[in-house]
Structure formats: C-alpha cells, structure tokens
Amino acid sequence: ELLDKIIKKEGSYLKIRLVITGKGDLLEVYEKKMEQRKLENILMYTTFLTYPQYAILLGSADLGVCLHVSSSGIDLPMKVVDMFGCHLPVCAIDYSALSELVKHEENGLIFHNSGELAQQIFDLLKHFPQSEKLDQMRHYIASHNTTWEYEWHTKALPIFKR
C-alpha cells in the first residue's frame, strides 16, 4: 500500500507487476490480504514455480525483493544468490549476515522497514525502463563474476562441505 501511495503522490504513471513465489504456510493468508487491497498501480500474483520456471522469471525480472530473515542471523538467503546469478539487483531486508552478500548501493539496496522498501522500489523504477541506478547495480554484479556457479562455489558449497 505504501508503494501505491508514493506512486499516486508523485503523479507517476509507474505500473508494477509483483510476482510472489513459493507455497509457504502463510500463502493463503497473504493472498486474502492482497485481494482486500485496492491498489491502482500494483498488480500482485502468487505462484509456485519449478526451478526452470523460476530461473526464467528471475532472468526476465528488473528487480528482486528478498524478505528472508535468518533466524540464526548467520545464514545467507539463497534467493539472493539466485538473483545475482541472473545479474538481478535486489532490495533485501537487513539482518546481521546480509552485508556479506548484499553490498548496499552496489549490487542492491538494504531496507529496514516497509516504508524504506516502498521508497527504494519507487526510486529505482520511477523512470522505467531507464534506471541509471539499476544499470549500475547490474554492471557491478556482472563485473564481479557473480554468476550462479560462482555464487554456489564461493558461498553455498563451502557451507555444505563443513
């Protein structure tokens, strides 16, 4: 709702399509909440995707959002690794270990609350399809060997080898 309000306040013609993936226990709860919202500028979809479908979705997206928060504070969100493997910049909610993966203003943005997330999304997409900041973040990801294979071998595999 905050993002929709920002779009209206700024007089923007921005239309956002938000795809929420997964099939967690709270999916139905969130689907009902989304149905109750009267958003003019945001279309929301929920779906469960196979891995090949998920890879295609990430490859065609303009911005990723990660709401994963580590209960231990030490694990990294594999969704962000997937996004970086597609050179997809991300907005991710902050927690203690996240800065090991998301470099604020370089390969993504870190937020602390829904207001910050809404403003970040608007700022990144307000002149879409032109976005100097998104282009800079994509370039940073691509120039730092951030492929799926690289992220897997440098970040995930060492954890499994312990």
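1. Helix H5 (114–125) has as its buried residues Leu117, Ala118, Gln120, Ile121, Phe122, Leu124 and Leu125, where buried means under 20% relative accessible area, exposed over 50% and partly exposed in between, with a 1.4 Å probe and protein chains only. Helices (H or I, at least four residues) and strands (E, at least two) are DSSP runs numbered from the N terminus.

2. The model is predicted: local features need pLDDT of at least 70 and side-chain atom pairs count only at pLDDT 80 or more, while totals for chains, interfaces and linings use all residues. Residues are numbered from 1 along each chain as its sequence is written, and side-chain values use heavy atoms, with hydrogens and water left out.

3. The buried residues of H5 pack against H1, S1, S3, strand S4 (90–93), strand S5 (108–111) and helix H6 (132–143); contact means heavy atoms within 4.5 Å.

4. The end C-alpha atoms of H5 are 17 Å apart, which agrees with the 16 Å that its 12 residues should span at 1.5 Å a residue; the expected span is 1.5 Å times one less than the number of residues.

5. Glu28 is found in helix H2. This residue counts as exposed because its relative accessibility is 57%. Between Glu28 and Met137 there are 34 Å in space, C-alpha to C-alpha, and 109 residues in sequence.
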